[in-house]
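Trainee: Could you walk me through this one? I'd like to start with the pockets and then go on to the aromatic rings.

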Amino acid sequence: MDEAPPVYDFLTAAKQLDIVYEDDNLLLLNKKAGLLVHPDDKEFRDTLIARVQRYLYEKGEYDPGQENSFAPALVNRIDRNTCGIVIAAKNAAALRILNDKLKKREIHKFYLCIVHGVPAKREDTLEGFLEKNEKQNRVYVSAHAAEGARSIATRYRVLEEKNGLALLEIELLTGRTHQIRATMADLGCPLLGDGKYGSGAKNRQYGETRQALYSYQLTFDFPTDAGILNYLKGRSFRVEQVPFREKYFGGKK
């Protein structure tokens, strides 16, 4: 009698994946708002990592039944209601290199966002410290170091402004929880649609319930050796169609 095929939790995840780029070592995925990157206590099965594992399993590139099989892993993460590029490593060597490059800030992450108001400076680098309140699941920006606070650096550039809103490109120089959302709110320009750090009344005027924030571009800088990933040096990958930019500013300029 034939044995029943194995049943894996990830096979119950949805098949939908928006692939920006793929090669033998990694995937660049355009995550949609509302999708978790990893399981939490409310959603276990349909997450981005589960979709990646299903995709690679069905392609024959991942077999958890093999001894010492590497499980595909995500290199970076973004909030559930934030859209944009997430990196998935297909093998242990790629994961090790990408984690190292991320730590060394040799992978540059650029975001688009829409904020209420227009920053006084057209471009600036904002530095400070971020304190996390676990009970509230939010962070607070401070100009001074405190116990448990982590340093942050956020570079922004105003691209356009219209009807009291501004479209910004932001480069994360550090990657902390809710860094962009908290930093822009602290500047007096909270993100459109951000219910946690922004203005509920203003967001309701626009009918927005999710923050207008998109991780739209990755650049692999690699001034140091990247081993099997050296071929990525100097390459940039971008999501061209960002819905909220098109809705409020008429698309790409």
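Trainee: Which element gives the largest share of the lining of the largest pocket?

Mentor: Keeping in mind that this is a predicted model, strand S5 supplies the largest share of that lining, with four residues.

Trainee: And which elements supply at least two residues each there?

Mentor: There are helix H2 (92–103), strand S5 (107–116), strand S6 (123–133) and helix H3 (179–186), each of which supplies at least two residues of the lining of the largest pocket.

Trainee: What's the volume of that pocket, and which residues are closest to its centre?

Mentor: The largest pocket has a volume of about 1,300 Å³, and of the 45 residues that line it, Arg77, Asp79, Arg176, Thr177 and His178 are the closest to its centre.

Trainee: How does that lining split by class?

Mentor: The lining of the largest pocket has 14 nonpolar, 16 polar and 15 charged residues.

Trainee: OK, what about the second largest pocket?

Mentor: The second largest pocket has a volume of about 270 Å³, and of its 18 lining residues, those closest to the centre are Ala33, Cys83, Gln211, Pro243 and Phe244. By class, its lining is made up of nine nonpolar, five polar and four charged residues.

Trainee: Which element gives the most to that lining?

Mentor: Helix H5 gives the most, with four residues, and both S10 and H5 supply at least two residues each to the lining of the second largest pocket.

Trainee: Switching to the rings now, how many aromatic pairs are there?

Mentor: The structure holds nine aromatic pairs, and one of them is formed by Tyr214 and Phe244, whose rings are tilted, at 6.4 Å centre to centre with 55 degrees between the planes.

Trainee: Where in the chain do those two sit?

Mentor: Tyr214 belongs to strand S10 (residues 213–220) and Phe244 to helix H5 (residues 243–249), so that the pair links distant parts of the chain, 30 residues apart.

Trainee: Are Tyr214 and Phe244 buried or exposed?

Mentor: Tyr214 and Phe244 are both buried.

Trainee: Why does the pair of Phe220 and Phe222 count as tilted?

Mentor: The planes of Phe220 and Phe222 are at 55 degrees and their ring centres are 5.6 Å apart, so the pair is tilted. Phe220 counts as buried because its relative accessibility is 0%, and Phe222 is buried as well, with a relative accessible area of 0%.

Trainee: Which residues form an aromatic cluster?

Mentor: Tyr8, Phe10, Tyr57 and Tyr62 form one aromatic cluster.

How values were computed
Residues numbered from 1 in each chain as written. Predicted model: local features only at pLDDT ≥ 70, side-chain atom pairs only at ≥ 80, totals over all residues. Heavy atoms only, no water. Phe/Tyr/Trp six-rings, centres within 6.5 Å; stacked < 30°, edge-to-face > 60°. Buried < 20%, exposed > 50% of the residue type's maximum accessible area, 1.4 Å probe, protein only. 1 Å grid on protein atoms, 1.4 Å probe; cavity = no way out; pocket = protein on both sides within 12 Å on 5 of 7 lines; lining within 4 Å. Points joined across faces, edges and corners; volume = space filled by probe spheres on them. Nonpolar A, V, L, I, M, F, W, Y, C, P; charged D, E, K, R; others polar.
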